[in-house]
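Below is a short report on one protein model. It covers the disulfides and the nonpolar cores.

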Amino acid sequence: MASFFSIRLISLNLLLLICFIPSICYGATFDPFTDKTKITYHDGPILTGIVNLHIIWYGKPEEIQREVIMDFLETLNTEGDKKVQPHISRWWNVVESYQLAMKGKPTIGVESPKIKVKVEKEDTIDYAYGKVLTTQYDIPRLIKDVNHGDPNLLPLIITAKDVSMHGLCAGKCADHGIFENNKGFIVIGDPEIECPGACGWPFHEVDAGPKGPIFKPPNKNMAADAMVVALASSLVNTITNPQNTGFYGGIEFDPIESATACKGIFGPGAAPGNPGKVFTDRKTGENFSAHGNNGRKFLLPAIWNPATSTCWTITSRYFST
């Protein structure tokens, strides 16, 4: 028995060591078209109320990317023009509904408390830690030096196109994790140089796998629009499972989270290599799934709807499968 216990303990320690690198865990190899899961609640906290972001631009970000990402974040908490629908806030309402789901309450037809995402602080760091970053060493060090351990701010690190982020491009295009004192962070990269065929899709042809429609980016920049998709997914996962004890499927050390469970799905009729049915701007041919403010349009990923226990897209009510 002692020997068996020792083997299990060693195995657990190895799993913990491996999973300290966020990009190895969090369902990087999960395929919603072939793998099955169900997102359930595991009695831990989710992020509620006001989520204060500390955006750390690492390197030299393109201005268009900064504008598009900031507009996306600012749009989340506004209702928009009722005549211009669907609005991005409708998508965010499903994320907010997790607050009722964690209490076992019905989520259909019930308004959930608001979760407000606010950009509280911004910093730009000019390659101070090099152009190759790791999540297990460089990111925690960067956050400590710039964020100073502020418990009221959620660090969001956005790297420039000439920065290589270890773990990204290999099955995932953004990540979130925790380090000391359960402090969380989000990191996303620019796919323009590093991996347009992996993380630029559906605005760029995929490197491998089935080929399907290529969308025209709604903000005229492949990298910027792909980064919004990555940020939207990681933000959903962070809100609903900030400490690996919230909403997820699978096992604790390799959770399938609320956006991961639906990755690659953007509209009804999605299939491997085919993002599904979304809107097309009649004048420009640009593809999008929701309106933002100031004329912006965005492509939003599907997320797990706790009310129906299925992947949900904001365009589902407008198109048949």
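What is the handedness of the link of Cys173 and Cys199? It is left-handed, with -90° about the S-S bond. The model is predicted.

## The Cys173–Cys199 disulfide

The structure holds 2 disulfides. A disulfide is a covalent bond between the sulfur atoms of two cysteines. In the pair of Cys173 and Cys199, the sulfur atoms lie 2.0 Å apart.

Cys199 has 7%, under the 20% cut-off, so Cys199 counts as buried.

## The Cys262–Cys311 disulfide

Cys262 and Cys311 also form a disulfide, with sulfur atoms 2.1 Å apart. Their link is left-handed, with -95° about the S-S bond. The pair joins distant parts of the chain, 49 residues apart. Cys262 lies in the loop between β10 (254-256) and β11 (279-280). Cys311 lies in strand β16 (residues 310-312).

Cys262 counts as buried because its relative accessibility is 1%. Cys311 counts as partly exposed because its value is 31%.

## The largest nonpolar core

Which residues touch the most other members of the largest nonpolar core? They are Ile69, Phe72, Leu73, Leu76, Trp91 and Trp92, out of 39 residues in this core. The largest share comes from α8, with 9 residues.

Leaving out residues up to four places away in sequence, Trp92 touches Leu76, Asn77, Ile115, Val117, Leu235 and Ile239.

## A separate core

Another nonpolar core lies apart from the largest one. How many residues does this other core have? It has 17, among them Tyr127, Tyr129, Ile139 and Val163.

Key:
Residues numbered from 1 in each chain as written. Predicted model: local features only at pLDDT ≥ 70, side-chain atom pairs only at ≥ 80, totals over all residues. Heavy atoms only, no water. Core = buried A, V, L, I, M, F, W, Y, C linked by side-chain atoms within 4.5 Å. Buried < 20%, exposed > 50% of the residue type's maximum accessible area, 1.4 Å probe, protein only. Helix = DSSP H or I, 4+ residues; strand = E, 2+ residues; numbered from the N terminus. Contact = heavy atoms within 4.5 Å. Disulfide = S-S within 2.5 Å.
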